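User: I would like to go through this protein with you before I plan my reading of it. Could you take my questions one at a time?

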Amino acid sequence: MKVAIFGTGGVGGYFGGLLAHTGHEVTFIARGEHLRAIRQEGLRVRSVNGDFMVRPAQATDSPAEVGPVDYVVVGLKHYHLAQAAPQIRPLVGPETAVVPLLNGVDAHQFLAEALGPDHVVGGLCSLVSLVEAPGVIRQESKLRRVVIGELDRRKSERVERLVEAWATAGAEANQAEDIFVALWTKFVFIASFGGVTSLARCNAGELLASRQTRELFVGAMREVEAVARARHIELAPDTVEKGLAIAVAFEPTATSSMQRDVEAGKQFELEAFSGTVVRLSDEAGVPTPVHRTIYGLLKPTLRRVMVD
């Protein structure tokens, strides 16, 4: 199986590394010092599930050097997607499937507009992973889950092949019955946890220990749930309760990736999270006061980072 990993960060580096380590032909699209380290030393994965090394590793910053592949796994931050999507074109042949593993609920739309809807499937992952140093991916939790599915909700052989490859490599991998339910179920939690912790500058333990902050978190999840139902997404009745249970199960010191980016003065995924909730709620006529507040109060910080 020939695979290109477009964006070799924590997500792309880890899930692409699994495929390469189990014998698939994987090319990592990277840049800068990270690219140089992968080319010279290989890709090292340090994981609670077992360390491994991909060496030699195929890596480039030019998709045109790679040409068409069977699968393109997209592991970018959401805010890079619109600009990067056209750059994926040289990797796409007649039978190529493009698989986004991004936060948010609309990555497939950006990719379908740039590459054609027949090439794109829906996808999501649950993973705690980051680039620890050039050429080194650190995966910090036993959780390594990936879900993919066709946008027309049918079962397909191309999805099943990739699911089986990841499952064989040790990941929890599934073909979704309805990829939109899977995407929105994750979105209910991550948009709310990311937004509230970023605004409050608190970790999971602090969020849960404060009655007022915990109520805001639950309220934010209820808002996303309401937007999903207005869009005819058939979420499970206990989606919010399960989201709260996820936060309770976290280590008390756990933080969201968005919060860490805010505190580090980096660009962050506000538009993919609360910005999307607000936009879609306006379309549906659903009130979302918590997310509207998160969006309004964090927007100046995002603008400042973008200017800097």
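**Cysteines, fold and backbone**

Analyst: To begin with a cysteine, Cys-202 has a relative accessibility of 6% and therefore counts as buried, the cut-off being under 20%. Please note that the model is a predicted one.

User: And Cys-125, buried or exposed?

Analyst: Cys-125 is buried, because its relative accessibility is 5%.

User: How many disulfides are there, then?

Analyst: The count comes to 0 disulfides. The criterion is a pair of cysteine sulfur atoms within 2.5 Å.

User: Changing topic: how many helices and strands does the protein have?

Analyst: There are 13 helices and 10 strands in the protein. Its radius of gyration is 19 Å, close to the 19 Å that the globule rule gives for 308 residues, so the protein is as compact as a globular protein of that length.

User: What box do the C-alpha atoms fill?

Analyst: Along the principal axes, the C-alpha atoms fill a box of roughly 50 × 40 × 40 Å.

User: What share of the residues is buried?

Analyst: Buried residues make up 54% of the 308 residues. As for contacts with a separation of 6 or more, 70% of them come from residues 24 or more positions apart.

User: On to the backbone. Which residues does a cis peptide bond join?

Analyst: A cis peptide bond joins Arg-55 and Pro-56, with omega at about 0 degrees. Pro-56 belongs to the loop between strand S4 (52–54) and strand S5 (58–60).

User: What is phi of Arg-153?

Analyst: Phi of Arg-153 is near 70 degrees, a positive value in a residue other than glycine. Arg-153 is found in the loop between strand S9 (136–149) and helix H6 (157–168). Its relative accessibility is 42%, so Arg-153 counts as partly exposed.

User: And where does Arg-201 lie?

Analyst: Arg-201 lies in the loop that runs between helix H7 (179–200) and helix H8 (204–209). Although Arg-201 is not a glycine, it has a positive phi of about 55 degrees. With a relative accessible area of 41%, Arg-201 is partly exposed.

Key. Residues numbered from 1 in each chain as written. Predicted model: local features only at pLDDT ≥ 70, side-chain atom pairs only at ≥ 80, totals over all residues. Heavy atoms only, no water. Helix = DSSP H or I, 4+ residues; strand = E, 2+ residues; numbered from the N terminus. Rg over C-alpha atoms; globule rule 2.2 N^0.38 Å. Buried < 20%, exposed > 50% of the residue type's maximum accessible area, 1.4 Å probe, protein only. Contact = heavy atoms within 4.5 Å.
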